[in-house]
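Me: I am new to this structure and would like to learn how to read it, one feature after another. Could you take me through it slowly?

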Amino acid sequence: MAASTQTARVVVTGGAGFIGVHSVEALLAAGGEVLVIDDLRHASYRRLPESARVEVADVAEAQAREAIRTWKPTAILHLAAQGGVNRSWREPAEDAHINVLGTVSVLTAAMAAGCRRVVVASSGGALYGAARRLPTPEDEPTQPRSPYGTAKLSIEHYLGHFTRAGSLDALALRYGNVYGPGQDGTGEAGVVAISSHRLLAGTAPVIRGDGSQTRDFTYVGDIVAANLLGLGSSVTGAINIGTGRETGIGDLVRRLCALAGYAGEPELEPLPPGEVARSALDSSLAAERLGWRPGVTLDDGLARTLESFRDQVQ
Ligand SMILES: NC(=O)c1ccc[n+]([C@@H]2O[C@H](COP(=O)([O-])OP(=O)(O)OC[C@H]3O[C@@H](n4cnc5c(N)ncnc54)[C@H](O)[C@@H]3O)[C@@H](O)[C@H]2O)c1
């Protein structure tokens, strides 16, 4: 996709992270200029392309606002966040500081810079709770089950306020469970990355609970395509970005074991409180309004991910 007027000069907050590095690569490949704003607290092991400019700054602080004001982007992709659901329970004030105040700060800077187009990463997995409809459309009542989900919902309300006030054209993309090369396999979130990391280290992967809980696993390349389509469009509101397919965690881990040639049994751990039982996102609106559809099958995406982790280990 070639850079449009809106994607010609893009600030990517959290651009050094998992989804960020892939998004920056795609924006640069499309001919755009990119300024990454990231304080590197959770940077991906994938290196940023050298042609990306980098401002090391906390998105909640004045330095980041000043960088946006002076660089004058044509659009902002806001990905910087505290992304751990469990961590949001342990550190809810930190979560709100980064995810809510950090976002409000970036939106304020966008308005000061005269940049109307803002696309923000939200979470389909964390907003719908025990959804009545699966795959779940955007008009399902939201009932977040964690401080992280509450912060993402709050962000969406801010985007709505500033858009209705005529100051921004802001879009929230409600991603499914994103996986792929570059995700941190050493933390506590991201079952594909964690399991790949463990399998390649020769340790048993872990299944929490009985493994019957389902998620909508969406390949990072498809997420990046949605980010670029979102940045280049004038669509506002909130849109799901997922495959519409439910995959059980137990099934997923066993697929990875088979791909890695691991013959042992996974370890079992208790399910953390508040875990959503089932999740899959209806992305009809993304197809209709952005022309977005997922392109990578789960088996293909898992194989690519495992291969990239293997390269990293060697
Ligand atoms: N990975 C998923 O499955 C998933 C699902 C739904 C939504 N999201 C959202 O997508 C976005 C990107 O997620 P990711 O998986 O790439 O996460 P990530 O942790 O890999 O990347 C986040 C980046 O933001 C940076 N960052 C964090 N706090 C910051 C701050 N205060 N100031 C500046 N930089 C800061 C980190 O250093 C990191 O580089 C996040 O908003 C996340 O909530 C991710």
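Reply: Let us begin with strand S6 (residues 169–175), where six of the seven residues are buried, so the strand is largely enclosed by the rest of the structure. A residue is called buried if 20 or more other C-beta atoms lie within 10 Å of its own, exposed if 12 or fewer, and partly exposed in between, with C-beta atoms placed from the backbone. Strands (E, at least two residues) and helices (H or I, at least four) are DSSP runs, numbered from the N terminus. This is a predicted model, in which local features need pLDDT of at least 70 and side-chain atom pairs count only at pLDDT 80 or more, while totals for chains, interfaces and linings use all residues. Residues are numbered from 1 along each chain as its sequence is written.

Me: Which strands pair with S6, and in what sense?

Reply: Two strands count as paired if DSSP finds at least two bridges between them. S5 and S6 pair in the parallel sense over seven bridges, and Val118 stands opposite Ala170 in S6. S6 is also joined by five bridges to strand S11 (residues 237–241), again running parallel, with Tyr175 opposite Ile241 in S11.

Me: What do the buried residues of H4 pack against?

Reply: Packing is read from contacts, and two residues are in contact if their C-beta atoms, placed from the backbone, lie within 7 Å. The buried residues of H4, among them Asp95, Asn99, Val100 and Gly102, pack against partners including strand S1 (9–13), helix H2 (62–71), strand S5 (117–123) and helix H6 (147–164). Ala151 lies in helix H6 and counts as buried because it has 27 C-beta neighbours inside 10 Å. Not counting residues up to four places away in sequence, Ala151 touches Asp95, Ala96, Asn99 and Val100. Ala151 and Asn99 are 52 residues apart in sequence, yet 6.1 Å apart in space, C-alpha to C-alpha.

Me: Which element gives the largest share of the shell around the ligand?

Reply: A residue is near a molecule if its C-beta atom, placed from the backbone, lies within 6 Å of it. The largest share of the shell, three residues, comes from H1. Of the 28 residues around the ligand, Gly14, Gly17, Phe18, Ala81 and Ala121 come nearest. In H1 the buried residues include Phe18, Ile19, Gly20 and Val21, and what covers the buried residues of H1 includes S1, strand S2 (33–37) and helix H8 (220–232).

Me: And how many helices and strands does the whole protein chain have?

Reply: The secondary structure of the protein chain comes to eleven helices and 13 strands, and buried residues make up 51% of its 314 residues. Among contacts in the protein chain with a separation of 6 or more, 79% come from residues 24 or more positions apart.
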